Amino acid sequence: MFLRFTSRTNADGAVVRYVALAHNRRVDGQIKPDVLMNLGREDQVDVAGLQRLAASIGRHFGGDDPAGAAPAGAAVRAASLEVVDVRTIGATWLLDALWHRLDVGAAVRAATGARRFTANLERVLFALVAHRAVAPMSGLPAAEWVREEAAVPGLSTMDDEHVRRTMDLLVDADTQARVQESLFLAVTDRLDPLFFDTIEFACDDGERIVIGLAATKEGIPVRCWCWPGGAGAGSVPAEVRDDLLDRHPGRVITVVERGFSGADDLAGLGRAGDHYMAGMRMCDGNRLVEAVLSRSGRYRYVRDDLRVREVRIDGQDARFVVCHDPDQAQRDRRQRDEAIVHIQAELARIADQCAGDDAGRVRAECALRDHPTLGRWLVRRPDGRLKVDLAKVKAEARLDGKYLIATSDPHVSAEDVALGYKNLLEARDLKARLLPGAAAHSSGHRIRAHVLIWWLALLLTRVAEQSCGQTWRTINRKLGRVAQVTLTGSAGTVTQTTPLSPEQAAIYRALTIQPPARVTASAPGRRRARGHSR
């Protein structure tokens, strides 16, 4: 479809041009224009109306230029251009849309008062959460990341004072967990069962902090808590009961460390009165594990290629769920094969370098045997030399991609046990990536602020994962390639977003989020400084 221009010469010799909306069609093998609508004389056409129509089409069907951007873009393209700024925008744009969809700013503002929580501080809080989700391991402080690396919608720059004020306001707002309360109710209406886990880490000054996390089986975080080290081990603390169970009655299943894997440990957890879910150590010779794995049974597929089967053991009140992840099995096999190749190469190197030097050979082999990951596959031969323990390799191959869970809850399904445990394990992994910086603060007030920012980042990333069926690591990697480039020239300044690949467009489509505009025009003739808002 296109605009068709025709001319007619009047009797006085004046040439008048007419505009029509037309499209081409094939007639007897020939392409002929077909007029859909006559728009009248060119000098009487409502040009502004046509531009608004084009902008509307672009907004609804993925056009490149918003209203008013095309003329400016054409003018700048006609002049010499210079790239003055390049920033990533794909993931921050997605998170910002989810932020507004969940109305996080309104939840914080309602808890603090509109006069204290200004629009600028709301943007700073979002930037802190986005930095924790998008670039937690970049090494850059959040303020510098905003100034130099990322395009944060609605925020041109921020400094360390903005960060401190915002973190203090966030802690004040969530004193009674009102922010968390309003947000998780907006995300999920199913809170039975809830899975409760504790994550412990050490601050730089040696103090240990315990984070409590309650999540749904899908991994949506419901609430978080912060205690001194040693709290909340093996049972649901009284504070969790008061904060969560009194308001939302239902079952809470405590997830405990894999150290609670013996029969006595499980019996002790059962006597505590709370339902538990415990991961079992698979490679430490636990007789209970061997008894469970020796029972045959058929696996049932859950989702994401995860398979489960349930096993009952006489004399045990706990139920046992064997989980198998084929993708993880391939990764386990590949990592073990690479480790064995490395061990064999090291043994060959030691034999060559230490020929005739028995003392040097013993020292080198002892160092290899004491290696934290490679040593478990080594065994001594009768002559005292080391070799690969093939029996151990074969035994571990049986466990590729498998993990075993024990639970005392007689009602929760095996599928929910597997999904809840898997999602909380992923939350533990995310802790290491989403909580950098917290360990450097000995102040409990600031540590709580970091934990709340981590919780908000986990909430947004989990919602993104649930909506598009991909892990946040994959989403972040793909959208991290979407950049916003600012170009300037004599005709003005234009910011252009790199074209979306089909995979990137599919992520936005799955989340029903409009992608960032391809072209944004700024004031003609003005050079935009690096780091300013686009």
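Helix α17 and helix α18 cross in a left-handed way; a crossing gets that name if the near helix is turned anticlockwise from the far one by less than a right angle, and right-handed if clockwise. Before going further, note that this is a predicted model, where local features need pLDDT of at least 70, side-chain atom pairs count only at pLDDT 80 or more, and totals for chains, interfaces and linings use all residues. Residues are numbered from 1 along each chain as its sequence is written, and side-chain values use heavy atoms, with hydrogens and water left out.

## Two pairs of helices

Back to that first pair. Helix α17 covers residues 472-479 and helix α18 covers residues 502-510. Helices here are DSSP runs (H or I, at least four residues), strands are runs of E with at least two, and the numbering starts at the N terminus. The axes of α17 and α18 are 9 Å apart, and the packing angle is about 125 degrees, so α17 is oblique to α18. Axes are lines fitted to C-alpha atoms, for helices over the stretch in contact, and angles run from 0 to 180 degrees between N-to-C directions. As for the naming, angles under 35 degrees count as roughly parallel, over 145 as roughly antiparallel, 65 to 115 as roughly perpendicular and the rest as oblique.

Which residues meet here? On the α17 side they are I475, K478 and L479, and on the α18 side E503, Q504, I507 and Y508. A contact means heavy atoms within 4.5 Å.

Now try α12 (residues 326-353) and α13 (residues 358-369), whose axes come within 9 Å and cross at roughly 165 degrees. These two helices are therefore roughly antiparallel to each other, and the crossing of α12 and α13 is right-handed. E346, L347 and I350 of α12 meet R361, A364, E365 and L368 of α13.

## The whole chain

Zooming out, the chain has 18 helices and 18 strands. It is 534 residues in all, and 45% of them count as buried. Buried means under 20% relative accessible area, exposed means over 50%, and partly exposed is in between (1.4 Å probe, protein chains only). If you take contacts between residues at least 6 apart in sequence, 59% join residues at least 24 apart.

How many disulfides does the structure hold? There are 0, counting a disulfide as a pair of cysteine sulfur atoms within 2.5 Å.

## A few residues to look up

| Residue | Relative accessible area | Class |
|---|---|---|
| H131 | 8% | buried |
| W145 | 4% | buried |
| N476 | 16% | buried |
| D103 | 46% | partly exposed |
| T512 | 64% | exposed |

H131 sits in helix α5 (residues 119-134), while W145 belongs to helix α6 (residues 142-148). Leaving out residues up to four places away in sequence, H131 touches P136, S138, L140, P141, A142 and W145. With its own neighbours within four places set aside, W145 is in contact with several residues, including T92, A127, A130, H131 and V134.

N476 takes us back to helix α17. Beyond neighbours within four places in sequence, N476 is in contact with A91, A133 and V134.

Most residues other than glycine have a negative phi. D103, though, has a positive phi near 60 degrees, and D103 lies in the loop between α3 (90-102) and α4 (104-112). Phi of T512 is also positive, near 50 degrees, and T512 is found in the loop between α18 and β18 (519-521).

The predictor's confidence in each residue is called pLDDT and runs from 0 to 100. The chain has a mean pLDDT of 76, with 74% of its residues reaching 70 or more. Where does pLDDT stay under 50? One such stretch is residues 268-273, with 6 contacts beyond four places in sequence. Another is residues 525-534, for which the model has 34 contacts beyond four places in sequence. Where pLDDT is low, the predicted coordinates should not be read in detail.
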